[in-house]
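The entries follow the order in which I looked things up.

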Amino acid sequence: MASANDSRQAQKDAADQNFDYMFKLLIIGNSSVGKTSFLFRYADDSFTSAFVSTVGIDFKVKTVYRNEKRVKLQIWDTAGQERYRTITTAYYRGAMGFLLMYDITNQESFNAVRDCWWLELLLVYTWRQAKICLMGFVCVNKGDPVVSSDLSSDLLDCLVGFEFFEASAKDNINVKQVFERLVDIICEKMNESLDNNPSMVTNNKAPKLSENPPPQQSGGCSC
């Protein structure tokens, strides 16, 4: 569960001005669909199958670069259990992007997305312009897939504007790509709605994110 120290750390991250943009992202979905292992794979490039269910909420921070802009991602990992719902939904406000996850070996987790249970929470508690990526996740040692690609495609047809990925933390499949695409979507929306940061998009194209800072200019003065 998020402690007072977690909240203070989040406030410290927000107060740190050593970035050009900061995006608050949330990973949501039923309990035990793989949200924590997915976050650890992306933020720390580490994997273990020994995670226990998140109690309340946790977060990690990762910095990426886009068109020589420093973008800080504050990524919140939320508990899926209903008893923590009051805690977790309080963090929805101010989020610019969501990763809505289900486990392809768990029909119930898919049904919760298909039946719009999670989407109703988003409509109630979040900014209506927040961007959402849908993700079918492959959990470890959970059995054979029960959610077919056809079912996922049918769901995606109903969720207009969503983008879909299948991902695996163990095999490191589409983990980085999901975050890259979500941040690109947010930046594209910023460019459309604000139109006062043309440096975020060049020639109307969204370049790939990088985890490395832009190269230092060598020689001479830039004045």
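**Notebook entries**

I began with Asn174, which I found in the loop between β6 and α7 (175-194); helices (H or I, at least four residues) and strands (E, at least two) are DSSP runs, numbered from the N terminus. I note that this is a predicted model, in which local features need pLDDT of at least 70 and side-chain atom pairs count only at pLDDT 80 or more, while totals for chains, interfaces and linings use all residues. Residues are numbered from 1 along each chain as its sequence is written, and side-chain values use heavy atoms, with hydrogens and water left out.

Not counting residues up to four places away in sequence, Asn174 touches Phe165, Glu166 and Ala167, where contact means heavy atoms within 4.5 Å. I also looked up Tyr42, which is 132 residues from Asn174 in sequence, with 9.9 Å between them in space, C-alpha to C-alpha.

**Helix α2**

I listed the buried residues as Lys35, Thr36, Ser37, Phe38, Leu39, Arg41, Tyr42 and Ala43. After α2 comes Asp45, for which I noted a positive phi, near 50 degrees.

**The chain as a whole**

I counted seven helices and six strands in the secondary structure of the chain, and along the sequence they follow the pattern α-β-α-β-β-α-β-α-α-β-α-β-α. Of the 223 residues, 46% count as buried. Among the contacts with a separation of 6 or more, 75% are accounted for by residues 24 or more positions apart.

**The sheet**

In what order do the strands of the open sheet lie? I read the order of the six strands as β2-β3-β1-β4-β5-β6, with mixed pairing; two strands pair if DSSP finds at least two bridges between them. The edge strands are β2 (57-66) and β6 (163-167), each of which pairs on one side only. From one strand to the next, the twist averages 25 degrees.

I then checked β2, where seven of the ten residues are buried, so the strand is largely enclosed by the rest of the structure.

For strand β1 (residues 21-29) and strand β4 (residues 97-103), I found five bridges and a parallel run. Gly29 stands opposite Met101 in β4.

From Gly29 I went to Trp117, which is 88 residues away in sequence and 9.8 Å away in space, C-alpha to C-alpha. Trp117 has its place in helix α5 (residues 117-125) and is partly exposed, with a relative accessible area of 35%. Not counting residues up to four places away in sequence, Trp117 touches Arg85 and Ala112.

Ser109, which is found in helix α4, counts as buried at 1% relative accessibility. Leaving aside neighbours within four places in sequence, I found Ser109 in contact with Asn30, Val33, Tyr102 and Asp103.

**How α4 meets α6**

Lastly I looked at helix α4 (residues 107-114) and helix α6 (residues 149-158), whose axes come within 11 Å and cross at roughly 15 degrees. That makes α4 roughly parallel to α6, given that angles under 35 degrees count as roughly parallel, over 145 as roughly antiparallel, 65 to 115 as roughly perpendicular and the rest as oblique. Axes are lines fitted to C-alpha atoms, for helices over the stretch in contact, and angles run from 0 to 180 degrees between N-to-C directions.

Which residues meet here? Phe110, Val113 and Arg114 in α4 meet Leu151, Ser152 and Leu155 in α6. I also noted that α6 lies across β4, β5 (131-137) and β6, running at about 155 degrees to β6.

How values were computed
Buried < 20%, exposed > 50% of the residue type's maximum accessible area, 1.4 Å probe, protein only.
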